[in-house]
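Let's work through a few exercises together. Take a look at the model first, then try each task before reading its solution.

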Protein chains: 4
Amino acid sequence: MDFTMPEKTKVILEMTQEFLEKEVYPLEPHFVGKKFRDMWPEIKRCRAMVKKMELWGPQIPKELGGMGLSLVDHALMTEVLGSSPLAHLIFGCQAPDAGNIEILEKYATPEQREEYLVPLANGDIRSCFSMCEPELAGSNPTELATTAIRDGDQWVVNGHKWFSSSADGAKFAIVMAVTDPDAPVYLRASMIIVPTETPGFNLIRNISVMGHAGDDYASHGEIMYQNCRVPAENLLGPQGQGFVIAQERLGPGRIHHCMRWIGICNRSFDMMCKRVTERKVGGGKPLARKQIIQEWIAECRAEIHAARLMVLHAAWKIENEGQHAAREEVSMIKFFVAPIMLKVVDRAIQAHGALGVSDDTILSFFYRQERAARIYDGPDEVHKVVLSRRVLRGYDE
Amino acid sequence: MDFTMPEKTKVILEMTQEFLEKEVYPLEPHFVGKKFRDMWPEIKRCRAMVKKMELWGPQIPKELGGMGLSLVDHALMTEVLGSSPLAHLIFGCQAPDAGNIEILEKYATPEQREEYLVPLANGDIRSCFSMCEPELAGSNPTELATTAIRDGDQWVVNGHKWFSSSADGAKFAIVMAVTDPDAPVYLRASMIIVPTETPGFNLIRNISVMGHAGDDYASHGEIMYQNCRVPAENLLGPQGQGFVIAQERLGPGRIHHCMRWIGICNRSFDMMCKRVTERKVGGGKPLARKQIIQEWIAECRAEIHAARLMVLHAAWKIENEGQHAAREEVSMIKFFVAPIMLKVVDRAIQAHGALGVSDDTILSFFYRQERAARIYDGPDEVHKVVLSRRVLRGYDE
Amino acid sequence: MDFTMPEKTKVILEMTQEFLEKEVYPLEPHFVGKKFRDMWPEIKRCRAMVKKMELWGPQIPKELGGMGLSLVDHALMTEVLGSSPLAHLIFGCQAPDAGNIEILEKYATPEQREEYLVPLANGDIRSCFSMCEPELAGSNPTELATTAIRDGDQWVVNGHKWFSSSADGAKFAIVMAVTDPDAPVYLRASMIIVPTETPGFNLIRNISVMGHAGDDYASHGEIMYQNCRVPAENLLGPQGQGFVIAQERLGPGRIHHCMRWIGICNRSFDMMCKRVTERKVGGGKPLARKQIIQEWIAECRAEIHAARLMVLHAAWKIENEGQHAAREEVSMIKFFVAPIMLKVVDRAIQAHGALGVSDDTILSFFYRQERAARIYDGPDEVHKVVLSRRVLRGYDE
Amino acid sequence: MDFTMPEKTKVILEMTQEFLEKEVYPLEPHFVGKKFRDMWPEIKRCRAMVKKMELWGPQIPKELGGMGLSLVDHALMTEVLGSSPLAHLIFGCQAPDAGNIEILEKYATPEQREEYLVPLANGDIRSCFSMCEPELAGSNPTELATTAIRDGDQWVVNGHKWFSSSADGAKFAIVMAVTDPDAPVYLRASMIIVPTETPGFNLIRNISVMGHAGDDYASHGEIMYQNCRVPAENLLGPQGQGFVIAQERLGPGRIHHCMRWIGICNRSFDMMCKRVTERKVGGGKPLARKQIIQEWIAECRAEIHAARLMVLHAAWKIENEGQHAAREEVSMIKFFVAPIMLKVVDRAIQAHGALGVSDDTILSFFYRQERAARIYDGPDEVHKVVLSRRVLRGYDE
């Protein structure tokens with residue numbers, strides 16, 4: 001057993017943290033209060049610096065211009081980036097593009113690679129992933145109503161999707177659609193690349209979430225696919241393998257989310273500690289002298305530490321023993337880390353008093369926006385049941 | 001002991017509930033998504049109906065055109081109204097006007113009565129209450145920096161206030177300011193009526209809270225009082241009695257908030273129950289068949305029931321034994337009910353999945369907006385410490 | 001709504017409390033540490049005093065020598081008695097005899113009345129209730145393996161029971177046995193009176209529970225009924241009505257348990273308050289000055305208060321609207337009150353430090369012995385599911 | 001980062017687990033129900049086998065006949081041993097002897113080594129550690145009333161100690177006593193070896209804890225030291241260094257306790273899983289099909305995993321960066337792991353129903369005996385405050 005962090009990794013993390021504090025945190029008030037579209041000049045400016053520092057695309061393979069980090073190192077990087085809602089975008093590892101890059105990297109044809117992967121990995125275009133449907137349980141990917149029917153050398157896509165994040169302004173969507181309705185249940189769907197300018201791709205609205213419809217990257221699209229025709233060669237990966245491909249993405253994607261949450265924990269915890277040492281209450285003593293506050297700080301510290309170790313262990317296990325061996329860990333971190341993150345944010349808010357619910361700090365944004373963490377990518381409850389069944393399998397006879 | 005609800009009360013509550021469902025709930029999407037100012041025609045239309053039904057001003061004395069309900073009956077009415085964020089305004093018992101009416105009713109001079117109380121009770125004007133200051137702990141009303149200095153026949157007010165709710169569009173503010181800096185600590189401040197058009201009353205901004213600055217009634221003002229001069233007769237109540245008057249308001253105000261939260265519980269609980277019976281998951285069975293969901297429902301039901309009994313008991317005690325006798329209960333309900341309310345809302349959201357974090361239901365609004373319940377009117381932690389000290393006083397010698 | 005407690009009730013409760021402090025609490029060290037059987041002289045001495053004070057049998061009808069209190073008044077009395085594990089026995093309202101008296105009072109034939117009810121109500125004999133079976137879920141009374149087969153003018157009982165509390169030393173058992181195996185499921189069982197000296201009534205052991213097998217009243221028997229023959233007239237109530245009768249007992253029995261738990265809360269809470277004001281820590285200040293302790297005290301106070309109101313409301317509802325109308329409340333109090341009781345005891349122990357886990361106080365006894373509260377009479381989880389189904393019935397169509 | 005477990009360690013752990021199942025678990029019913037003293041023949045038999053397998057004394061240096069494992073490996077071994085309350089004793093690493101061995105190993109004079117350390121490490125004698133005092137907060141080691149005054153070539157010890165575990169039958173006590181009352185607070189006390197046969201060493205009683213006074217190894221002594229004279233050379237380590245020495249022991253001792261608790265978690269969790277797959281409820285389906293149970297299993301699994309990683313990380317850090325660097329981690333694991341252990345035991349009991357509170361399984365013993373985990377070695381609350389202060393030190397200026 002060895003918990004040492006390599007010197008090189010430390011340097012990267014420190015550079016990143018420094019950059020965030022100097023360049024990224026100051027952009028947050030704009031991010032929280034105004035149109036996202038207007039931020040692009042700033043984001044591009046930052047991205048150029050990131051590329052110059054050779055910190056672009058931590059998870060992107062080197063041949064595509066990224067850093068090509070290991071999963072554990074990427075996890076550590078994601079932790080640092082997680083402290084700001086803008087950082088992943090600026091460093092080129094934002095959802096949903098990061099996942100799409102991973103899929104394309106593995107399955108794209110040379111033409112798809114040229115047209116979609118290269119500019120995506122370079123940050124020149126954006127994409128979205130179109131899976132969730134409003135009428136069906138998002139946690140069960142086998143329940144899909146959207147279809148893609150082969151008509152000559154085209155796929156004709158029909159269906160109703162929502163929570164296709166960042167669809168607004170995306171160049172293309174990777175759409176999950178049933179292509180083989182009579183196949184075994186896990187082999188019915190395929191992934192298809194649909195450029196957003198295709199007729200029949202109708203972005204109905206950006207769904208208002210927690211008070212904001214948002215725009216551009218910061219949005220969640222509801223999309224009607226209405227006789228939406230794309231060339232046959234837009235199939236991504238083998239036909240009928242949509243879920244298999246999605247499944248492969250699951251482990252690393254989970255690590256990404258969980259370490260991002262740890263980053264949110266760290267930032268909120270740090271803000272809480274600053275606040276309680278600065279804020280004077282009755283008698284001029286700082287809040288930090290109050291035992292209730294001290295208890296929060298101790299508990300948060302311990303829980304963040306536990307959550308962090310658990311995610312790093314899962315990343316290590318995926319990397320060293322494969323995703324299949326790490327299925328338990330991948331289920332576990334989802335429902336273990338998200339509530340801790342929400343609790344840390346909640347306590348940081350409480351320690352800030354009225355200031356905490358205002359938008360004068362980033363905490364209120366975390367509180368609102370990250371509530372979804374316990375829902376997307378499978379609600380906590382589903383992961384608990386899945387894990388339990390796996391555990392109990394060892395006891396059944 | 002007798003838990004019977006009078007027949008007459010039942011009728012009032014049913015009429016109210018029916019009206020909410022027909023007229024008020026349908027206004028909520030506008031409320032959540034758009035300018036508040038544009039809603040006034042609708043609100044006025046509803047208020048006219050409410051007055052016709054003789055349901056206006058549940059807590060306003062009959063001679064001022066209200067229903068003049070007892071505290072327990074008003075609590076029950078507030079529970080029903082609490083189910084919608086618009087209802088209290090439409091029924092004439094919204095904070096902060098309701099509290100201001102209560103104070104004016106007790107302390108206003110005949111001239112103040114005519115000029116401020118009568119139109120306020122009638123819903124013709126709005127008001128705000130200006131107490132909290134950003135630099136000082138809101139939970140300690142004795143820490144006030146705002147001053148009002150007597151200069152001839154005027155008061156000159158200087159200070160910095162925030163979270164003066166509904167200041168935007170209010171006709172006047174009741175300002176808490178130090179008038180007697182050398183008096184014993186609880187006798188230093190007075191209440192002063194400051195019309196918002198007075199020079200030196202500067203509404204700097206509506207504070208952005210949980211993503212929205214809001215406007216008009218739905219806002220929280222930050223105000224600079226800069227050499228703001230009002231006539232000496234704008235003093236409200238005896239000089240130096242500001243905290244004593246505020247204290248009197250505390251019990252009924254607490255009942256108001258807590259029963260409103262129970263109303264939010266009821267609505268969220270009802271939405272959760274509807275959702276889980278309608279939503280089909282794997283195999284076409286409703287979510288309601290899942291034991292985890294059943295546990296949530298049972299626990300929420302029990303906790304709401306407990307919270308409700310506790311608040312009704314506190315209201316009964318204030319009414320029958322006086323506020324002083326009910327101090328323990330008044331502290332207790334604050335920190336007992338707010339977390340239950342937030343838990344019920346949170347579980348209702350979880351049961352709704354992605355829909356729950358969207359603004360397609362009112363739940364996301366409750367989640368964001370009501371987080372402050374654990375902060376305003378004294379954070380939970382302060383109330384716990386206060387209650388504990390009172391309890392332990394019986395053991396010290 | 002009226003929460004007033006009648007003057008007469010107050011006097012009874014005060015007399016009872018005073019008696020407990022003077023006569024009963026001092027017996028506890030013996031109770032916790034030694035043979036129960038040796039305590040009878042003390043118990044009899046106390047009982048004589050109780051009878052003289054006319055406080056015997058709060059729930060026993062006057063014609064049987066008891067106080068004949070209403071359910072609400074009995075609940076209040078039970079709360080006071082609950083503070084000591086010996087008090088119910090001394091006041092003649094201990095489980096399982098209290099429940100058996102209630103059943104006998106309603107269903108006994110004149111002969112059964114004379115032979116069993118009168119001496120039981122008078123405290124001259126003891127009894128047990130033999131329902132639970134080790135192989136079957138105790139929470140489902142319809143799963144019974146024990147049979148009583150009619151053979152001429154006798155019932156022949158065969159079966160394996162456990163957790164028949166106080167069987168050791170009891171004069172008779174009321175046994176739940178299947179008499180009509182082909183009837184609809186809820187009409188299969190009957191209650192039969194089996195004197196413990198009957199051949200075939202074999203008390204195998206007093207089950208060791210939480211470290212102690214105990215003896216006499218303070219024990220939980222495991223019983224084998226082996227061709228145990230009793231006269232036909234030992235049937236109690238109509239044949240096949242065993243569950244119906246048990247069901248009738250449920251509401252009042254639940255009130256009894258829950259108020260007893262509130263009594264445990266009160267005593268533990270009081271001990272905690274005393275301890276923290278007396279115990280000095282670093283610097284000579286009492287523990288009571290620590291905010292974490294203050295938070296415990298405030299939370300416990302509020303939760304005990306909520307639990308108490310809930311049980312009193314349920315008692316009132318059973319009494320005024322009948323048990324059927326109060327089914328929700330009867331489910332709710334079980335799973336709401338038990339965890340609060342265990343939490344209060346746990347925190348009182350923690351506040352006592354090493355002393356808390358020792359047997360130098362009663363807390364350790366409560367901690368061990370009352371853990372079963374979340375299991376007997378239906379585990380919390382079963383009650384939650386039952387309540388939830390009832391609630392959701394209003395939403396299904 | 002590397003979570004690999006060496007092959008050799010795996011083999012040791014498997015051998016140990018196998019031995020426990022075959023030889024140690026079967027001894028538990030005796031342990032729970034009868035005199036401890038009568039168990040020694042069985043324990044000696046087992047110890048002989050352990051020595052033959054070369055598994056004796058995992059933490060004892062090789063030159064003293066132990067395995068001399070690293071702290072991390074010892075932690076892993078302790079986890080396995082923790083599953084049974086008898087295992088540590090049988091493998092020669094039981095508290096309080098293990099800690100005493102560690103101190104003696106470092107500080108004993110050659111004579112002390114010969115007389116006390118060698119037979120102790122060999123399991124020929126037992127010892128106790130006499131620090132806690134009833135009148136003073138155990139969590140503050142600087143508050144000591146026991147004194148040792150030098151009189152010629154003797155120390156005269158006077159004082160009142162309690163919770164000196166395993167004093168009954170011990171050959172000697174290591175006593176913490178004030179020798180230098182005028183020194184700075186952390187330099188006042190020394191450790192002194194007091195043979196238990198010394199006149200003036202009075203074991204007043206074995207304190208009854210959670211229902212049992214116990215005996216021999218399984219006991220907690222209350223001791224009066226009354227003019228108890230020992231030779232000057234019985235001083236252990238430098239005079240005035242008692243707390244410094246105790247402090248050194250703290251980290252490894254904490255690892256020992258926490259990993260033992262993880263062992264209890266593992267065993268209880270395993271019992272719960274077995275129970276729920278075997279126990280049939282309504283309709284013949286196993287309890288394991290119930291979602292509430294599944295949620296327990298998933299949550300317990302995740303929490304045990306988190307706790308385990310946290311303790312292993314702390315062990316690694318103590319070993320690699322020293323105890324000083326690991327102070328935060330050493331505080332954290334105490335209050336993080338103990339509540340998880342108690343929760344896992346509690347849920348395992350609940351899943352067992354009535355059987356769970358009986359002594360037919362080991363769970364009831366864990367429930368009672370391990371409650372003290374949140375108290376001894378510093379109550380959770382003290383560790384939280386200590387950790388919080390350390391964290392906040394980084395923010396103060």
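Two strands pair if DSSP finds at least two bridges between them; strands (E, at least two residues) and helices (H or I, at least four) are DSSP runs numbered from the N terminus. This is a predicted model, where local features need pLDDT of at least 70, side-chain atom pairs count only at pLDDT 80 or more, and totals for chains, interfaces and linings use all residues. Residues are numbered from 1 along each chain as its sequence is written, with chains lettered from A and ligands numbered from 1 in the order in which they are written.

**Exercise 1.** Find the strands of chain B that pair with β8(B).

Solution. Start with β7 (residues 214-215), which runs antiparallel to β8(B) over 2 bridges. Here B:Gly214 stands opposite B:Ser219. The two strands form a hairpin with 2 residues between them, and B:Asp216 in the turn has a positive phi of about 55 degrees. Next, β6 (residues 201-206) pairs with β8(B) in the antiparallel sense through 5 bridges, with B:Asn206 partnered by B:Gly221. Finally, 9 bridges link β3 (residues 154-165) to β8 (residues 218-231), again antiparallel; B:Trp155 has B:Val230 as its bridge partner.

**Exercise 2.** Which element gives the most to the side of chain A that touches chain D?

Solution. Begin with the contacts (C-beta atoms, placed from the backbone, within 7 Å): 34 residues of chain A meet 34 residues of chain D. Then list the elements supplying at least two residues each: α8 (242-278), α9 (291-321), α10 (327-352) and α13 (380-393) of chain A. Of the elements, α9(A) gives the most, with 15 residues.

Definitions and conventions: Contact = placed C-beta atoms within 7 Å.
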